[in-house]
Amino acid sequence: MNIEFNDLPLTKNVEKSRFELKTDDYVTFIDYKEHAKKIWLIHTEAPEELKGRGTATAIVEKALAYIEDNDYKLIPLCPFVVTYLKRHTDWNRVLDESVTPF
């Protein structure tokens with residue numbers, strides 16, 4: 001993760017069912033669905049103004065840490081998250097048993 005994002009807090013916006021990372025005046029987010037200690041990460045989106053700065057990668061890493069720290073299991077549906085997991089297979093540890101490890 002780009003060091004500039006280390007201290008930015010991840011927000012779990014329950015009303016909108018998304019994780020958010022505020023950078024400057026912009027919000028990068030991941031839509032999620034949650035049920036019975038499982039989280040489905042559905043869609044990641046970074047504002048055009050932040051593209052290329054690594055905010056999407058930062059929010060994925062922070063969301064995975066949240067999932068692990070709170071004893072959830074992950075079902076990744078978002079193509080960006082799946083690509084990240086394929087490159088960082090150590091995160092297979094948070095996958096739900098119904099998901100084939102990458």
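**Exercise 1. How many bridges join E2 to E3, and in which sense do the two strands run?**

The model is predicted, so local features are read only at pLDDT of at least 70 and side-chain atom pairs only at pLDDT 80 or more, whereas totals for chains, interfaces and linings use all residues. Residues are numbered from 1 along each chain as its sequence is written, and side-chain values use heavy atoms, without hydrogens and water.

Step 1. Strands here are DSSP runs of E with at least two residues, and helices are runs of H or I with at least four, numbered from the N terminus; two strands pair if DSSP finds at least two bridges between them.

Step 2. E2 and E3 run antiparallel and are joined by six bridges, with Glu20 standing opposite Phe29 in E3.

Step 3. The two strands form a hairpin with two residues between them, and Asp24 in the turn has a positive phi of about 55°.

**Exercise 2. Describe the other pairing of E2, with E1, and the burial of E2.**

Step 1. E1 and E2 pair in the antiparallel sense over four bridges, and Glu20 is the bridge partner of Thr11.

Step 2. The hairpin of E1 and E2 has four residues between the strands, and Ser17 takes a positive phi near 55° there.

Step 3. Buried means under 20% relative accessible area, exposed over 50%, and partly exposed in between, with a 1.4 Å probe and protein chains only. Five of the six residues of E2 are buried, so E2 is largely enclosed by the rest of the structure.

**Exercise 3. Check the length of H1 and identify what covers its buried residues.**

Step 1. The expected span of a helix is 1.5 Å times one less than its number of residues. For the 15 residues of helix H1 (residues 55-69) this gives 21 Å, which agrees with the 21 Å between its end C-alpha atoms.

Step 2. The buried residues of H1 include Ala56, Ile59, Val60, Ala63, Leu64 and Ile67; their cover includes strands E1 (10-13), E2 (18-23), E3 (26-35), E4 (38-45) and E5 (73-76), together with helix H2 (79-87).

Step 3. Just after H1, Asp71 takes a positive phi of about 60°.

Conventions. Contact = heavy atoms within 4.5 Å.
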